[in-house]
Protein chains: 2
Amino acid sequence: MTPEHFLDVFFKPKSVAVIGATRNPGALHYHVFANLVKLGYPGKLYPVNPGAAEIAGIKAYPNIKAIPDDIDLVVICIPAAAVPAAVQECVEKKIKAISIISGGFSEGGSEGRKVQDRMLKMLRANGIHALGPNALSPVNSRLNFIIGFGPCDPIPQGGLSFIFQSGLYQPRFNWLMHTYRMYISKLIDLGNKMDITEVDALDYLAQDAETSVIAMHCESIAGDGRRFMQALSKATARKPVIVLKSGRTPAGAKAASSHTGAIIKSGDHVIEAVLRQCGAIRAQGLDDFFDLAKAFEYLPAPKSNRVAISTLSGGEGVLATDFCYNYGLELALLTPETRQKLKPLFPSWELNVNPFDTGVSMQFYPMDEIYPVLLNALINDPNVDSLLMHLGGVQPSDPVKQAKLIGDLKRHGKPMLAWDVDPVRNKDFAEQLNLQKVPVFESAERAVRALGTVYRHSLRK
Amino acid sequence: MTPEHFLDVFFKPKSVAVIGATRNPGALHYHVFANLVKLGYPGKLYPVNPGAAEIAGIKAYPNIKAIPDDIDLVVICIPAAAVPAAVQECVEKKIKAISIISGGFSEGGSEGRKVQDRMLKMLRANGIHALGPNALSPVNSRLNFIIGFGPCDPIPQGGLSFIFQSGLYQPRFNWLMHTYRMYISKLIDLGNKMDITEVDALDYLAQDAETSVIAMHCESIAGDGRRFMQALSKATARKPVIVLKSGRTPAGAKAASSHTGAIIKSGDHVIEAVLRQCGAIRAQGLDDFFDLAKAFEYLPAPKSNRVAISTLSGGEGVLATDFCYNYGLELALLTPETRQKLKPLFPSWELNVNPFDTGVSMQFYPMDEIYPVLLNALINDPNVDSLLMHLGGVQPSDPVKQAKLIGDLKRHGKPMLAWDVDPVRNKDFAEQLNLQKVPVFESAERAVRALGTVYRHSLRK
């Protein structure tokens, strides 16, 4: 049996105390505790608030020391000035794991940095590990253990684990989880990285059996970079690791330093070389980061680079083909058998070729009849390694049924993905496809870029 | 008085006959005629269908020659095989303008090309101009004159005119018009470009007083390119022209030839040089194309490149700053007066700097109180040329009122734009901002790229 990783208790605590739990639904941190209750986190909960006897029906305590039981994890969300005293109490209570949500430390200038340094000294002297400060986590989907500012619903469970340097994801948390539909294992926000850094998070998630893909956002790299490279290489040897390194320009680096207090010491060319050498997949921006995280979690690797495309307009088919070329993918040449099967779908004058313009077929048949024939034929063609679909403003008459039929084609083990050009009018169908784990992206370019990156990554093995 | 342009009648016909108008709501082209009736196009309508006495309450005719009146524009949407005979009838009826929606000509191979060539000869011999075949247009927002396959609502009226080589925009027509909210003047789909080409369309829209921005999608360039360069240069001298040239890769060019029958003769490096020399703005993909079309129509040119950013998370502020640097924009250094005004919004430990992380302020004040103070102060700062806002999963309590307040700040003549990371949960606010002509984009990267392009274009004057 491998010894337990020191971060394990952060993700799987059997008991959690929340210092700063409140009954005031107007307070920003109200949902930190409320979510745990509402979501049915199965561990024991201890709200800590000197002004309340109970919160959400659970007995409250005036301070951490007043709790009679042992506590696995303490979450702190009180004003910065009160945090050191709370940490001191945790020391006395012999707590081993703390998550400090409160901000106002190293990111606020030299005064805050001094307080943070003193706090760290106290923690180190007592063998305590801490997340943050200025960090909003952790999250473990399988335990419904979600630390977040907004009201949260249970999140889809899957293999994707996120490392964030900051609360970047918070304003889109519900969108990411429930609209874009990420299938999550764990999420860790590092904040000021006083104690726990991306090195620890990588090390943990690399060995975590519930994590199949790691997506990491970072502004700075802790320490001298050697440990980071070791941890990153170890992780990429086991699973895909997508990295979004921001603060890559001089202006961005300056902005980062006033945000999490991170000092960015290396130029971006160094980072680029490090990420490449360690086998990480670098995201070029935030859209790319979330797209790649989704693609790697949803999709198997394609056997090769030959793509079949079903479009709603010839013009978008041409653009998708351009993107394929740019991202190292080829348009599949269908076998004569497949073309024979597809012949009835197209008028005699329409060249029955890849990309297949179903906008033409829909002049003759309803979408519901075209999709099963077309997609079955394409996915069964031995020359097709992946299948791309263009969704638009018209949904099938039964989105659930169509998505199920399409989802069933995943049994062929080939990547199937879609892009949707009308997320409003095509909402149900896109939602159903994501539920079937056929990922929907926001444009042809983004779908092709994601697939191309999954393909390129598969070549390295 | 300038003589009337020959394309004028296509956009402002006083009377329109639709050959192939139908009473069958299941037919793909049902809405071609139905939209004109429903939208209240103010000209006279003549449905042509040998099997109906009236359509939508309007007297129908068995053929075009049976109509007793003169007709400005004939729209043809019947199967390809029947089109040449219909065109022959138009010749006999002395029609001067035809829009051929039907496909199945040069895009379908050599047989179709021969038929198309014969048809063109007939048109040329009789001084008739024709759009298409395989083209779905025109559109003139101000007359509620919309030729489209789907059911359409009246579209927002503005200065943006589109030229498309194909029905590329159809699957997202309603999304573009009503969700992304493009303010449209005219739209022309060229299809196979038998007669009317992008040269004519550019020439027309360049002199059209109702068009302030031209956005053109093309797969091929008609003729030897000289007339194209002349028309393009003339247009860019008067208004911004955004060009999306697809079929730019060998694979894409091949796909284009089976789509609209276009032969792409020049390598992309030639196109690149031509577009640059003629002063066009080249879009890099479809997302970029629509973003730039929106940005140029919505925004005034900034006086210089100094940007103030209001974010919902410090991390996204860092990313936005990186993008600004990449696209030639700078973070504005606020005056001491402005920073004084903003001081109360941020806690003492938060460095009150650009980009401004309102995620921190919202720990103390509701969004509704932060925005008016913050945005007013920023827009009034003499060091700020443009204002960018990050929208997320939480809306102001009164989206209409907040959007109105923000819209009013446009009086300062500075570009104001937003990006929205949760189009579902922030739907109302984004919608209201677009209504106020404060454009909302889909990500920080895309908003910054759009603003950077508007800024760079302004430098050329």
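Helix α10 of chain B is mostly covered, since 13 of its 13 residues are buried, where buried stands for under 20% relative accessible area, exposed for over 50%, and partly exposed for what lies in between (1.4 Å probe, protein chains only). The model is predicted, so local features need pLDDT of at least 70 and side-chain atom pairs count only at pLDDT 80 or more, whereas totals for chains, interfaces and linings use all residues. Residues are numbered from 1 along each chain as its sequence is written, chains are lettered from A in the order in which they are written, and side-chain values use heavy atoms, with hydrogens and water left out.

**Helix α10 of chain B**

- At 1.5 Å a residue, the 13 residues of α10(B) should span 18 Å, which agrees with the 18 Å between its end C-alpha atoms; the expected span is 1.5 Å times one less than the number of residues.
- Helices (H or I, at least four residues) and strands (E, at least two) are DSSP runs, numbered from the N terminus.

**Contact between chain B and chain A**

- The contact, defined by heavy atoms within 4.5 Å, takes 61 residues from chain B and 61 residues from chain A.
- About 4900 Å² is buried between chain B and chain A, with carbon and sulfur atoms giving 64% of that area; buried area is the accessible area (1.4 Å probe) that two parts lose on being put together, summed over both.
- B:P171, B:V318 and B:W349 supply 13% of the area that chain B buries against chain A, more than any other three residues.
- Between the two chains the count is 2 salt bridges, each being a side-chain nitrogen of Lys or Arg within 4 Å of a carboxyl oxygen of Asp or Glu.
- B:R172 forms a salt bridge with A:E316, and the closest N and O atoms of this pair are 2.7 Å apart.
- There are 16 residue pairs in polar contact between chain B and chain A, both residues being at pLDDT 80 or more; a polar contact is a pair of N or O atoms within 3.5 Å, where within protein one must be able to donate a hydrogen and the other to accept it, and residues adjacent in sequence count only if both atoms are side-chain atoms.
- The elements that give two or more residues to the side of chain B that touches chain A are α5 (173-179), α8 (250-257), α10 (286-298), α11 (314-326) and α17 (444-459) of chain B, and α11(B) gives the most, with 10 residues.

**Two residues and their surroundings**

- A:S310 is found in strand β15 (residues 306-311) of chain A, and it counts as buried at 0% relative accessibility.
- Not counting residues up to four places away in sequence, A:S310 touches residues including A:F356, A:Y371 and A:H390.
- B:H412 lies in the loop between α15 (399-408) and β19 (416-420) of chain B, and it counts as partly exposed at 29% relative accessibility.
- The C-alpha atoms of B:H412 and B:I379, which are 33 residues apart along the chain, are separated by 7.3 Å.

**Backbone geometry**

- Most residues other than glycine have a negative phi, and most peptide bonds are trans.
- The peptide bond from A:S137 to A:P138 is cis, with omega near 5°, and the bond from B:S137 to B:P138 is cis, with omega near 10°.
- B:K94 has a positive phi, near 60°, and is exposed, with a relative accessible area of 65%.
- B:K193 has a positive phi, near 55°, and is buried, with a relative accessible area of 11%.
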